[in-house]
Amino acid sequence: MPKISLKGSKMPSSPIRKLVPYAEAAKKRGTKVIHLNIGQPDIKTPRIALDAIKNSDIEVLAYSRTEGSEEYRGKIAKYYAKHHLKVEAEEIIVTTGGSEALSFAMGSILDEGDEVIIPEPFYANYNGFATANGVNVVPIVSKLEDNFSLPAISEFEKLISPKTKAILICNPGNPTGYLYNKEEIEQLTELVKKHNLFLIADEVYREFAYDGKQHYSLLGISGLEDYAIVIDSVSKRYSMCGARIGCLVSKNKEVIQTALKFAQARLSPPTLAQIASEAALDTPQSYFDDVIEEYVSRRDLLISELQKVEGVKVAQPSGAFYCVVELPVKDSDDFAQWLLEKFNVDNETVMVAPAAGFYASEGLGNNQIRIAYVLEKEQLKKAVHILSEGLKQYHNS
Ligand SMILES: Cc1ncc(COP(=O)(O)O)c(C=O)c1O
C-alpha cells in the first residue's frame with residue numbers, strides 16, 4: 001500500500017474532538033452529554049445576517065474576488081474604524097475562517113524548519129497549522145497561578161534563535177480567557193522590533209473583553225505596521241461559526257501580497273457567507289451588550305461553582321468564553337474519557353476538553369481541562385455538579 005506523508009502522520013488530532021466517539025456512544029446508551037468541550041456558542045446569529053442570504057437574488061453563485069468582495073472589505077475597514085483602528089480595505093484579505101488566515105500567515109512568513117514562539121496553553125489548532133506548514137512551535141509557559149498573563153520578556157529572549165521568525169499570541173486567549181494589557185502588548189512590540197520578528201495576534205475574540213477592561217489590538221500600535229499580522233473572524237463575534245469567514249490584516253504590503261498568492265491558489269472565500277458577514281457588520285451594539293452581559297454572568301457562575309469543588313483550581317478569565325481548570329487528577333484525558341464511558345448522574349454526564357493538547361511541552365496540562373462556557377447557566381451549574389460528583393467517584397473507582 002502507498003504510504004502517507006511523514007507530515008500527515010505528525011498532524012495532531014484535535015483535543016477538542018478526539019473524545020467524540022465516546023460521547024456518541026454515551027448518547028446511544030441514552031445518556032445526555034453536556035458539552036463543555038467545544039467553543040460553539042449557543043447565542044443566536046443576528047437575524048440581519050441570515051436575512052441577507054434569504055433575500056439575496058443572485059442567480060449564479062459565482063466565485064468572489066480572491067481577497068474578498070470589495071463591498072465587504074470596505075465595510076470591514078469601517079468596522080475597525082469604529083474600534084478606533086485605522087485599517088484600509090487593501091490591508092485586508094478575506095479568508096475561509098480565521099483558520100485559513102492563520103494558515104496563510106504562517107505560509108507567508110515562515111519557512112520549513114522556522115520557529116514561532118507561542119505562549120502556552122494555546123489554541124490547539126496552532127499545532128496543526130504549524131505542522132501543515134513544516135514550522136516548529138516553540139512554547140513558552142504561562143501559568144494558571146498568574147492567570148496565564150504574558151511570561152517575562154526575558155524568558156522570550158532566551159528562546160529566540162536564528163530560526164525564530166515570529167511570535168504568536170491569542171488575545172483574548174483561547175483556552176486561557178486572558179486579556180493582554182497595554183503594558184504586555186507594548187513589551188511584545190519592543191521585543192519584535194528589537195529582534196526583527198513578526199508578531200501575529202489572533203484577535204477573533206476581540207469583542208469578548210470583560211470587567212470594563214480594554215482590548216489592545218496590534219492594529220492600534222504605531223510603529224508596529226511592518227511587524228503586525230492580525231487574525232480575525234466572524235465565527236464567534238456574530239455566532240456565525242458555520243459561515244467560515246475570517247480575515248488576515250496587515251499593514252505590511254509584502255505580507256499582504258504574499259498571502260494573496262496563497263489566497264489565489266484557493267480561488268476565493270465563500271460568496272454567500274460574505275453576503276451574510278457583510279450584513280452582520282450592521283448588527284447593533286445592543287446585541288453585543290446583551291451577549292457580553294450573558295457571558296459575564298455565565299463566567300461568574302461557572303467560576304464560583306468550580307471554586308467550591310475540592311481540589312480544583314481555576315484562573316479568572318477576563319475575555320473570550322473559556323477557562324482552564326486544574327483538577328485533582330493525574331491524567332485528565334483518562335478522566336474525560338471515564339466521564340463519558342463510565343459515569344453519569346441521573347443519566348447525564350459532561351464532556352470536557354483535556355488540556356494537554358493545548359500545550360506543546362510534553363507533560364504539561366495533564367491535570368487540566370478546558371471548559372467553554374457556551375451553555376446556559378442552569379446547564380453550567382448542573383455540569384459542575386456532575387464534574388464534582390465524578391471527581392469523588394473517579395478517585396474511588
Ligand atoms: C483562538 C481561535 N482562533 C481561530 C479560530 C478559528 O476560527 P474560525 O476558523 O471559525 O474563524 C478559533 C476557533 O475556535 C479560535 O478559538
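1. In this predicted model, the side chains of E24 and K27 form a salt bridge, with a nitrogen-to-oxygen distance of 3.6 Å. Both E24 and K27 belong to helix α2, which spans residues 20–28, and they are 3 residues apart there, about one turn of the helix. Side chains of opposite charge can pair when their charged atoms come close. Counted by the rule of a Lys or Arg side-chain nitrogen within 4 Å of an Asp or Glu carboxyl oxygen, the model has 25 salt bridges.

2. Turning to the ligand, I find it in the second largest pocket, with 13 residues around it, of which G98, S99, D202, S233 and S235 are the closest. Helix α5, covering residues 97–109, supplies the largest share of this shell, namely 3 residues. Sorted by class, the shell holds 6 polar, 4 nonpolar and 3 charged residues.

3. Several polar distances deserve a look in the viewer. A polar backbone atom of G98 lies 2.6 Å from an oxygen atom of the ligand, while in the side chain of N174 an N or O atom is 2.7 Å from a ligand oxygen. For K236, an N or O atom of the side chain is 2.9 Å from an oxygen atom of the ligand. The protein covers 94% of the 390 Å² of accessible area that the ligand has on its own.

Terms used: Residues numbered from 1 in each chain as written. Predicted model: local features only at pLDDT ≥ 70, side-chain atom pairs only at ≥ 80, totals over all residues. Heavy atoms only, no water. Near = heavy atom within 4 Å. Polar contact = N/O pair within 3.5 Å; in protein donor to acceptor, adjacent residues only side chain to side chain. Areas by Shrake-Rupley, 256 points an atom, 1.4 Å probe, with all protein chains shown as cover. 1 Å grid on protein atoms, 1.4 Å probe; cavity = no way out; pocket = protein on both sides within 12 Å on 5 of 7 lines; lining within 4 Å. Sits in = over half its atoms within 2 Å of the grid points. Helix = DSSP H or I, 4+ residues; strand = E, 2+ residues; numbered from the N terminus. Nonpolar A, V, L, I, M, F, W, Y, C, P; charged D, E, K, R; others polar.
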